[in-house]
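Visitor: Could you walk me through this model? I would like to learn how to read its features.
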Amino acid sequence: MYRTNTCNDLTSKNIGDQVILSGWVHRRRDHGGLIFIDLRDRYGLTQIVFDPKINKAAWEIAETIRPEYVIKITGNVRSRGKDAYNPNLHTGEIEIAVTEISILNKSKTPPFEIEKEKNVNEDLRLKYRYLDLRKERMQNNIIMRHKIIKFIRDFLSERDFIEIETPILIKGTPEGAREFVVPSRHYNGKFYVLPQSPQQLKQLSMVAGFDKYFQIARCFRDEDQRGDRQPEFTQMDMELSFATQEEIMELNETMLTTLIKKLYPHKTLQPVTRLTWQESMDKYGVDNPDLRFGLEFTDLTPDFIGSEFKVFANAANNNGIIRAINIENGGSFTRKTIDDLTETAKIYGAKGLAYLIWPKGQDIKSPLLKFLSETELATIKNKTGFKEGDIVFFGAGEFRSVCESLGAVRKKLGDLLNLKDKNTLALCWVYDFPLYERSKETGELTCSHHPFTSPKDLDILDSDPEKALGAQYDFVLNGNELGGGTLRIHDPEIQSKIFKILGIPEAESKRRFGHILEAFSYGAPPHGGIAWGIDRLCMLLQDEPNIREVIAYPKDQKAKDLMLGAPDIVNDSELNELGIQIISE
């Protein structure tokens, strides 16, 4: 027997018991003849004591022990005494007086300390991930991830959802992101791809009549990495037949708020807000607003039509917009702070960041003052609430550019002014997105979500598709898109029309999507769904800076597995069998 108890079991109720524990040496201390060791397993810590008066042989072995050795001990539970009680440990009232010890395995000196949470180079952490995962913080992240996924599985199973596993090797149907390609040994020159998501497969499951589907799905995208992106990631996928947008939103809202209340009761959950895409852009400049704080935009467009101030007038007179954001008590901002915010705006396409600043006890200061009439200045004060002690920033120009730049400024202000309370969770729905958008690179019409989104405005699809809205809804948490979903097209004629508007020739649409068009011709029910980013959800709830901290074995920021050494070369015989030739750069 390796253990009668875990290292988090024992309390004062067990005093006098003889127990067997096994685990890792977390910390070792030599106190004048007595040797104290904190023994660790994934459940917690227990203090064990070696006394030469109890067993000198065991004490002598303990003298040779070092951190991260794996040991097994037998001993008697005794009280630590009130003076030595550790209130931070579940086992803090007791210790084990060791009578026997076995070293199960020795350990080299680890490349970093396990017992202390220190800043360690991430490459080193990822190379020795199996050691990094021994840390309390990392173990807690992985355990909470398990609990989150288990809650989702239980919640949906109780509501008649069926978990269906969909294949990993599928046909390539490019939908925006670059796919990972897998060569076929049996069919030389042909390839599988790894799924970006089970999108079409879950829709086909609705055609198959399963009615309520879900899956904790592995997904793959061959894209450049960032803090919330990995080449392989996990989604909670959901699809329902005969369900309205409202029903899908209510179900997901209930699931997430119940999850948070159960697993994160210490966090403050704000009432869930609902915004149309247009409202979100008008108020916050983004379609994933952080609602833990205000700083809403004010629309000044109609007030500068025909203005003598050319910069604002050009925007107002030519289908552009003028937005302002007032920061109370921002009148104390330094020149450097204003310059930093200006650089943020420029990154997102603005030429600069116009402002009015009104330091307390002083007059308003700004390069804009000489261009504004007294009436216009009074309007700005009245509409934005601009007063002594404040600063107001402006964006003027094309709609998207102003929204993106001023939205980025608002986000940075949230950090600058410490408005983002990590223990506050602000959920919101953003819905009624434009069905299409123009590609910044090519100018071509593309889907804002994916080509299976049901249009809300069938009557204008042919005449003015850019004004059409889609039945799309995004779930947002603290300024991060947590999940996105749509009602799907289930009519093959409408689906074919969408492909035509996107400029996909009929032959090409049949080659890429013929299977789903064919399936829709056999009585597809109305259906819709959503997918959550599990990694992102865990990151946000665990207050971690990136998703690598909540994934057991992630890739680094260059998509490399530093622990296993992947990607790696494949020998020539395997390449020849696959009909692949490597062309050196």
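Visitor: How much accessible surface does the protein chain have, and what share of it belongs to carbon and sulfur atoms?

Guide: Accessible areas come from the Shrake-Rupley method with a 1.4 Å probe, and for residues only the protein chains shown count as cover. The protein chain has about 29,800 Å² of accessible surface, and carbon and sulfur atoms hold 49% of that. Before we go on: this is a predicted model, where local features need pLDDT of at least 70, side-chain atom pairs count only at pLDDT 80 or more, and totals for chains, interfaces and linings use all residues. Residues are numbered from 1 along each chain as its sequence is written, and side-chain values use heavy atoms, with hydrogens and water left out.

Visitor: What percentage of the residues in the protein chain is buried?

Guide: Buried means under 20% relative accessible area, exposed means over 50%, and partly exposed lies in between (1.4 Å probe, protein chains only). Of the 585 residues in the protein chain, 48% are buried. Along its principal axes, the C-alpha trace spans about 95 × 75 × 55 Å.

Visitor: How many helices and strands does the protein chain have?

Guide: Helices (H or I, at least four residues) and strands (E, at least two) are DSSP runs, numbered from the N terminus. Here there are 15 helices and 23 strands.

Visitor: Now to helix packing. At what angle do helix α4 and helix α6 pack?

Guide: Two packed helices are described by the angle between their axes and the distance between the axes. Axes are lines fitted to C-alpha atoms, for helices over the stretch in contact, and angles run from 0 to 180 degrees between N-to-C directions. For α4 (residues 136-157) and α6 (residues 245-263), the angle is about 135° and the axes are 11 Å apart.

Visitor: Which word describes how α4 and α6 lie to each other?

Guide: Angles under 35 degrees count as roughly parallel, over 145 as roughly antiparallel, 65 to 115 as roughly perpendicular and the rest as oblique. α4 and α6 are therefore oblique to each other. Contact means heavy atoms within 4.5 Å; among the residues that meet are Met144 and Phe151 in α4, and Leu251 and Met255 in α6. This contact has 10 nonpolar, 2 polar and 2 charged residues. In that count, Ala, Val, Leu, Ile, Met, Phe, Trp, Tyr, Cys and Pro are nonpolar, Asp, Glu, Lys and Arg are charged, and the others, Gly among them, are polar.

Visitor: Within what distance do the axes of helix α12 and helix α13 come?

Guide: The axes of α12 (residues 492-501) and α13 (residues 506-520) come within 10 Å and cross at roughly 160°. That makes α12 roughly antiparallel to α13. Pro492, Gln495, Ser496 and Phe499 of α12 meet Ser509, Phe513, Leu517 and Phe520 of α13. By class, the contact of α12 with α13 holds 5 nonpolar, 3 polar and no charged residues.

Visitor: Let us turn to the backbone. Which residues does a cis peptide bond join?

Guide: Look at alanine 566 and proline 567, where omega is about 0°. Proline 567 sits in the loop between α14 (534-541) and α15 (572-578).

Visitor: What is the phi of glutamate 68, and is this residue buried or exposed?

Guide: Glutamate 68 is not a glycine, yet its phi is positive, about 80°. This residue lies in the loop between α1 (56-64) and β4 (70-79), and glutamate 68 is buried, with a relative accessible area of 3%. Aspartate 211 also has a positive phi, about 75°, without being a glycine. Aspartate 211 is in the loop between α5 (199-207) and β9 (212-220), and is partly exposed at a relative accessible area of 31%.
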